[in-house]
Amino acid sequence: MELWRKNKKLIAITSLIALLPMVAGVLLWKELPNTIATHFGFGNVPNGWSGKEAAVFGIPLFCLIAHLLCAFAVPSQPKGKNMNGKAYKMLLLLCPGASLVCGVSIYGYALSWNVNIEMCVKVFLVCVLLFVGYSCFASVYRK
């Protein structure tokens, strides 16, 4: 419980970041088609579609719920009580980051922007893996 109490401000900020795609979707509402591609395969080819409401409200809300679940449930677990503060902060950035990547990808495709969805996802994953790798290396190197 200590971790989430120490990071209340970060949890609030990252929760708002997770909802930014919803705000963008509301602002772009009139321009968005009624059916929006929400799942993509290789080569930016859509292979799953949702209604406008599900794409604009459902995905960011799902990311927010996952974010809050991670923020409060993980530290309450026995192993989570000893979690490193940097690892917890990284955990708090995952779902909002994923929400932003999904929003850019989905709205970009729906509005015919020239968005390379594969590249967005790869850059996000590389950033996550670099941070995790650096954190692991730094903690092992310190010992």
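Trainee: What is the accessible surface of the protein, and what share belongs to carbon and sulfur atoms?

Mentor: The accessible surface of this protein comes to about 9,100 Å². The model is a predicted one. Of that surface, the share of carbon and sulfur atoms is 70%.

Trainee: In what order do the elements of the protein run from the N terminus on?

Mentor: The protein has six helices and two strands. Its C-alpha atoms fill a box of roughly 50 × 30 × 20 Å along the principal axes. From the N terminus on, the order of the elements is α-α-α-β-β-α-α-α.

Trainee: Which share of the contacts with a separation of 6 or more comes from residues 24 or more positions apart?

Mentor: The protein has 143 residues, and buried residues make up 33% of them. Among contacts with a separation of 6 or more, residues 24 or more positions apart account for 67%.

Trainee: Which elements give two or more residues to the largest nonpolar core?

Mentor: This core has 13 residues, and those that touch the most other members are Leu28, Leu32, Ile36, Phe40, Ile106 and Tyr107. The elements that give two or more residues to this core are β1 (35-40), α4 (52-76) and α5.

Trainee: Which residues does Ile106 touch, not counting residues up to four places away in sequence?

Mentor: Ile106 is one of the residues that touch the most other members of the largest nonpolar core. With residues up to four places away in sequence left out, Ile106 touches Ile36, Ala37, Thr38, Phe40, Ala55 and Ile59.

Trainee: How far apart are the end C-alpha atoms of helix α5?

Mentor: Helix α5 covers residues 85-110, which is 26 residues, and at 1.5 Å a residue it should span 38 Å. The model agrees with this expectation, because the end C-alpha atoms of α5 are 38 Å apart.

Trainee: Where does α5 bend?

Mentor: The bend of α5 is about 25 degrees. A proline, Pro96, follows within four residues of the bend. The residue at which α5 bends is Leu94.

Trainee: How is the pair of Trp29 and Phe57 classed?

Mentor: A search of the whole structure finds two aromatic pairs. In the pair of Trp29 and Phe57, the ring centres are 5.9 Å apart and the planes stand at 40 degrees. Trp29 lies in the loop between α3 (20-27) and β1 and Phe57 in helix α4, 28 residues apart.

Trainee: How is the pair of Phe40 and Tyr109 classed?

Mentor: Phe40 in strand β1 and Tyr109 in helix α5 are 69 residues apart, and the pair links distant parts of the chain. Their ring centres are 5.2 Å apart, with the planes at 65 degrees. An angle over 60 degrees counts as edge-to-face, so the pair is edge-to-face.

Trainee: Is Phe40 buried or exposed?

Mentor: Phe40 has a relative accessible area of 17%. Residues under 20% count as buried, so Phe40 is buried.

Trainee: Is Ser112 buried or exposed?

Mentor: Ser112 lies in the loop between α5 and α6 (117-142). Its phi is positive, about 60 degrees, although Ser112 is not a glycine. The relative accessible area of Ser112 is 66%, and because a value over 50% counts as exposed, Ser112 is exposed.

Conventions. Residues are numbered from 1 along each chain as its sequence is written. This is a predicted model: local features need pLDDT of at least 70, side-chain atom pairs count only at pLDDT 80 or more; totals for chains, interfaces and linings use all residues. Side-chain values use heavy atoms; hydrogens and water are left out. The expected span of a helix is 1.5 Å times one less than its number of residues. The bend at a residue is the angle between axes fitted to the seven residues ending there and the seven starting there. A nonpolar core is a set of buried Ala, Val, Leu, Ile, Met, Phe, Trp, Tyr and Cys residues joined through side-chain atoms within 4.5 Å. Buried means under 20% relative accessible area, exposed over 50%, partly exposed in between (1.4 Å probe, protein chains only). Contact means heavy atoms within 4.5 Å. Accessible areas come from the Shrake-Rupley method with a 1.4 Å probe; for residues, only the protein chains shown count as cover. Rings of Phe, Tyr and Trp (its six-membered ring) pair if their centres lie within 6.5 Å; planes under 30 degrees apart count as stacked, over 60 as edge-to-face and the rest as tilted.
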